[in-house]
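Work through the following exercises with the sequence and the coordinates open. Each one has a task sentence and then a solution in steps.

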Amino acid sequence: MADKITIVLHSGDMDKVYSALIIANGALSMGMEASIFFTFWGLQRLKKGGLDKGPLSKMHMLGLGKWMVKNRMKKVNVASLDRMLTDFKELGGKILACDMTMEIMGIKKEDLREDLISDYCAVGTFVLEAKNSKVSLFI
Amino acid sequence: MAEIKINCLGETCPIPLVETRKAIRKALPGDIIEITGDHPASKKEIPMAVQEMGLELLEVKGDGGTWTIRIRR
């Protein structure tokens with residue numbers, strides 16, 4: 001079994017996208033391999049200009065909560081999602097896009113950040129990746 | 001043999017760890033990497049990552065705020 005982490009990112013909530021990318025970047029930094037399977041609301045975040053659009057999972061409060069959290073994040077100097085995704089790719093992380101989600105939601109390849117995506121795939125690919133990983137998470 | 005210096009002052013999780021990893025990937029075997037930062041958890045975790053990757057931890061310096069860690073690739 002490979003020293004690898006596989007994450008299903010089902011949620012498109014901003015805080016959960018952060019969780020997935022921080023954990024995946026941490027794994028890559030510890031010398032592991034990592035892949036993130038973007039599906040459902042998670043895949044929405046891979047649309048062009050969609051990375052920062054998600055609400056907070058809790059205390060969103062019509063955007064006021066998100067605004068407050070983002071301000072706090074800026075003060076503590078938390079990196080942007082865009083930077084985390086760029087670092088993830090640079091460290092050899094793999095991004096898999098769920099093609100069933102694309103069909104359900106009418107998302108075309110050209111709607112997505114194609115520069116970031118390693119592969120378009122379905123559940124079989126995910127199962128194989130997870131089978132060969134020591135750690136798998138559903139976020 | 002080169003010496004690579006990274007400045008992570010003011011950076012928080014996971015940037016110090018990620019920047020360390022990026023430098024390790026770019027370094028050649030034998031190169032020294034020196035990371036300076038002030039994120040408390042990273043001072044503990046960078047040595048953990050170094051151990052996981054089987055690299056040599058040369059030095060962890062600094063108590064209080066700012067720390068410096070030296071690694072040999």
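**Exercise 1. Which residues does A:Ser35 touch, not counting residues up to four places away in sequence?**

Solution. Take contact as heavy atoms within 4.5 Å. With that cut-off, A:Ser35 touches A:Lys4, A:Ile5, A:Thr6, A:Ile7, A:Phe88, A:Lys94 and A:Glu129, residues up to four places away in sequence not being counted.

Before going on, note the basis of the values: this is a predicted model, in which local features need pLDDT of at least 70 and side-chain atom pairs count only at pLDDT 80 or more, while totals for chains, interfaces and linings use all residues. Residues are numbered from 1 along each chain as its sequence is written, chains are lettered from A and ligands numbered from 1 in the order in which they are written, and side-chain values use heavy atoms, with hydrogens and water left out.

Strands (E, at least two residues) and helices (H or I, at least four) are DSSP runs, numbered from the N terminus.

Last, look at the side chain of A:Ser35, which makes a polar contact with the side chain of A:Glu129 at 2.7 Å. A polar contact is a pair of N or O atoms within 3.5 Å; within protein, one must be able to donate a hydrogen and the other to accept it, and residues adjacent in sequence count only if both atoms are side-chain atoms.

**Exercise 2. Is A:Ser35 buried or exposed?**

Solution. The classes rest on relative accessible area: buried is under 20%, exposed over 50%, and partly exposed in between (1.4 Å probe, protein chains only). The relative accessible area of A:Ser35 is 1%, so A:Ser35 is buried.

**Exercise 3. Describe the interface of chain B and chain A.**

Solution. Step one is the residue count: 17 residues from chain B and 17 residues from chain A take part in the contact.

Step two is the area. About 1500 Å² is buried between the two chains, and carbon and sulfur atoms give 59% of it. Buried area is the accessible area (1.4 Å probe) that two parts lose on being put together, summed over both.

Step three is the charged pairs. A salt bridge is a side-chain nitrogen of Lys or Arg within 4 Å of a carboxyl oxygen of Asp or Glu, and the rule finds 5 of them across this interface. One of the salt bridges joins the side chains of B:Glu11 and A:Arg83 (4.0 Å, N to O).

Step four assigns elements: helix 1 (15–26) and helix 2 (40–52) of chain B each supply at least two residues of the side of chain B that touches chain A. Helix 1 of chain B gives the most to that side, with 8 residues.

**Exercise 4. Where is B:Pro16, and which residues is B:Pro16 in contact with, leaving aside neighbours within four places in sequence?**

Solution. B:Pro16 is in helix 1 of chain B. Its relative accessibility is 1%, so B:Pro16 counts as buried. Leaving aside neighbours within four places in sequence, its contacts are B:Cys8, B:Glu11, B:His39, B:Ser42 and B:Ile46. For B:Ser42, the separation is 26 residues in sequence and 6.5 Å in space, C-alpha to C-alpha.
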